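Take a look at the model below.

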Amino acid sequence: MLLPILTDENPQLREKSVFVKEITPEIKKLIADMTETMNYGSRAVGLAAPQVGVQQRIIVCKIKNSLGKFINMALINPEIVTKSEQCELGEEGCLSIPNMFGPVMRAKDITVQFMTEDKKTVMKRFGGYNARVILHEIDHLNGILFTDLVGDKSLLYEELSY
Ligand SMILES: [Zn+2]
């Protein structure tokens with residue numbers, strides 16, 4: 001089921017999300033719906049639960065695997081364990097800030113601990129694009145939007161996605 005996405009003026013996007021205590025059938029349904037919603041738009045590569053009005057620490061991402069193929073991934077209660085000091089600049093956009101793009105500095109390499117839908121705790125390393133997507137989505141769980149991280153707002157630009 002496609003979910004409506006909250007956009008930038010909605011104060012709910014500024015709230016801190018709470019940890020998921022138990023992976024219930026409702027949580028699994030939410031993840032399936034979030035994945036469908038993320039994959040509906042051509043340019044979306046991630047979605048966080050608060051963007052669909054659910055203040056819980058869940059994100060879904062399109063991660064590039066070692067073969068360069070995109071795979072859907074859901075991370076529950078993701079926590080950044082390590083972050084490289086080395087950073088890089090990359091273009092970002094957000095479903096909650098339609099048609100806006102801008103350069104954001106992110107760590108090149110991160111290690112994240114999270115729970116999978118089948119209740120396994122996993123520790124995984126992500127680099128480059130994958131690290132960027134996950135950091136962007138985790139920011140949503142803390143009420144942070146990518147535009148907050150663009151120091152020079154004149155670098156933000158508008159582009160129609162459809
Ligand atoms: Zn976003």
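Metal donors here are N, O and S atoms within 2.8 Å of the metal (3.2 Å for Na, K and Ca); water is not among the atoms, so sites may look incomplete. This is a predicted model: local features need pLDDT of at least 70, side-chain atom pairs count only at pLDDT 80 or more, and totals for chains, interfaces and linings use all residues. Residues are numbered from 1 along each chain as its sequence is written, and side-chain values use heavy atoms, with hydrogens and water left out.

Start at the zinc ion. Which residues coordinate the zinc ion? They are Cys 94 through SG, His 136 through NE2 and His 140 through NE2, at 2.0 to 2.2 Å. Along the sequence, these donors follow the spacing C-x41-H-x3-H. Cys 94 sits in strand S4 (residues 87-94), while His 136 sits in helix H2 (residues 128-141). The two are 42 residues apart, so this pair links distant parts of the chain. Helices (H or I, at least four residues) and strands (E, at least two) are DSSP runs, numbered from the N terminus.

Cys 94 has 10% relative accessibility, so Cys 94 counts as buried. His 136 counts as buried because its value is 7%.

Stay in helix H2, where Glu 137 lies. The UniProt annotation "active site", from an unreviewed entry, covers Glu 137. UniProt positions are given in the numbering used here, feature names are shortened, and annotations may be inferred rather than shown by experiment. Glu 137 is buried too, because its relative accessibility is 4%. Leaving aside neighbours within four places in sequence, Glu 137 is in contact (heavy atoms within 4.5 Å) with residues including Gly 46, Gln 51 and Cys 61.

Asp 139 is also in helix H2. Its relative accessible area is 15%, so Asp 139 is buried. Beyond its neighbours within four places in sequence, Asp 139 is in contact with Arg 106, Ile 144 and Leu 149.

Now step back to the whole chain. How many helices and strands are there? The protein chain has two helices and eight strands. Read along the sequence, they follow the pattern α-β-β-β-β-β-β-β-α-β. Of the 162 residues, 46% count as buried. The C-alpha atoms fill a box of roughly 45 × 35 × 30 Å, taken along the principal axes.

Note on methods. Buried < 20%, exposed > 50% of the residue type's maximum accessible area, 1.4 Å probe, protein only.
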